[in-house]
Amino acid sequence: MEILFLGTGTSQGVPMIGVEPIGLDLENPKNWRGRSCAHLVIDGVHVQIDAGPEFRMACLKNRVPAVDYFFLTHEHSDHILGMDDLRSFCAMRGGRAIPVYSTKSGVKRVRTIFDYGIRENSGDGYIAFSTHELKAPFRLPSGTLVEFVILPHGRKIRSAGLVFTEKCSGKRLAYYTDCASVPAEAVELARGCDILVIDALRQWPHPTHLSIEQALEISREIGAKRTFFIHMTWQVDHETWNAKLPAGTELAFDGLRVFV
């Protein structure tokens with residue numbers, strides 16, 4: 001299993017327009033963060049999680065070769081607006097629709113924004129999506145087990161927490177982004193996972209995201225072998241904060257590849 005972090009920043013990216021990033025070392029490329037999304041290679045297939053505005057450039061920079069399945073954690077713009085750039089990967093499939101999995105509201109938003117692409121095949125170079133609501137655990141044709149749990153992202157929005165188990169190795173990866181808390185059910189689902197990827201917005205509490213301290217506590221509860229923090233604001237300097245984190249936990253950065 002491999003995870004490639006294509007973006008690790010918050011909804012406005014890092015650095016942020018119009019804000020003087022005091023304390024953020026912009027000479028360090030790890031502090032330049034696109035909107036959070038990730039690419040998995042698991043059981044021989046390519047799985048994309050979310051696609052923000054920088055998705056195209058991130059794919060080019062990191063030489064992403066294919067997307068076989070797409071998972072949208074939730075419908076916010078920083079996770080969905082790069083999806084039209086999946087058209088190249090659709091063409092690589094001979095125009096066959098890319099399966100898209102999300103929550104009920106996520107599927108609805110995809111079908112609204114990309115109404116022109118909801119079809120089984122594209123013969124014109126544009127996108128084709130087949131949408132599927134996450135309702136129960138299932139296996140991809142490759143054998144990968146996909147489980148999910150609903151995470152609260154503020155009072156109204158709900159995000160899909162995803163847990164992937166690779167059939168060929170038994171390795172497990174949990175991807176919990178954009179959440180204000182992690183319910184007991186989600187802790188149990190991810191318990192003991194090999195990799196935990198989790199929202200860690202900043203040092204201070206926030207109404208719709210985990211703080212770094214809250215994310216650390218969740219990591220301890222889950223007992224993940226390795227934890228990577230994502231969705232950080234400009235208030236989080238990579239080297240400063242990495243030096244403070246306990247063993248087995250670290251800030252992810254754009255372009256980071258981790259082999260499990």
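The questions below concern a helix and its neighbouring strands in a predicted model.

Me: On which side or sides of α6 do the buried residues of this helix lie?
Reply: In helix α6, residues 212–222, the buried positions are I212, A215, L216, I218, S219 and I222. Around the axis they cover an arc of only 165°. Because of that arc, they lie on the same side of α6.

Me: Which residue follows α6, and what is its phi?
Reply: The residue that follows α6 is G223. Its phi is positive, near 75°.

Me: What is the handedness of the crossover from β11 through α6 to β12?
Reply: β11 and β12 pair in the parallel sense over five bridges. The chain passes from β11 through α6 to β12, forming a β-α-β crossover. This crossover is right-handed.

Me: Which residue of β13 stands opposite F228?
Reply: F228 belongs to β12, where it stands opposite V197. β12 also pairs with β13, in the parallel sense and over three bridges. In β13, the residue opposite F228 is E250.

Me: How many of the five residues of β12 are buried?
Reply: A residue counts as buried under 20% relative accessible area. By that criterion β12 is mostly covered. The number of buried residues among its five is four.

Methods. Residues numbered from 1 in each chain as written. Predicted model: local features only at pLDDT ≥ 70, side-chain atom pairs only at ≥ 80, totals over all residues. Heavy atoms only, no water. Buried < 20%, exposed > 50% of the residue type's maximum accessible area, 1.4 Å probe, protein only. Helix = DSSP H or I, 4+ residues; strand = E, 2+ residues; numbered from the N terminus. Arc of directions from axis to C-beta. Pairing = 2+ DSSP bridges. Right-handed = clockwise from strand over helix to strand, strands pointing away.
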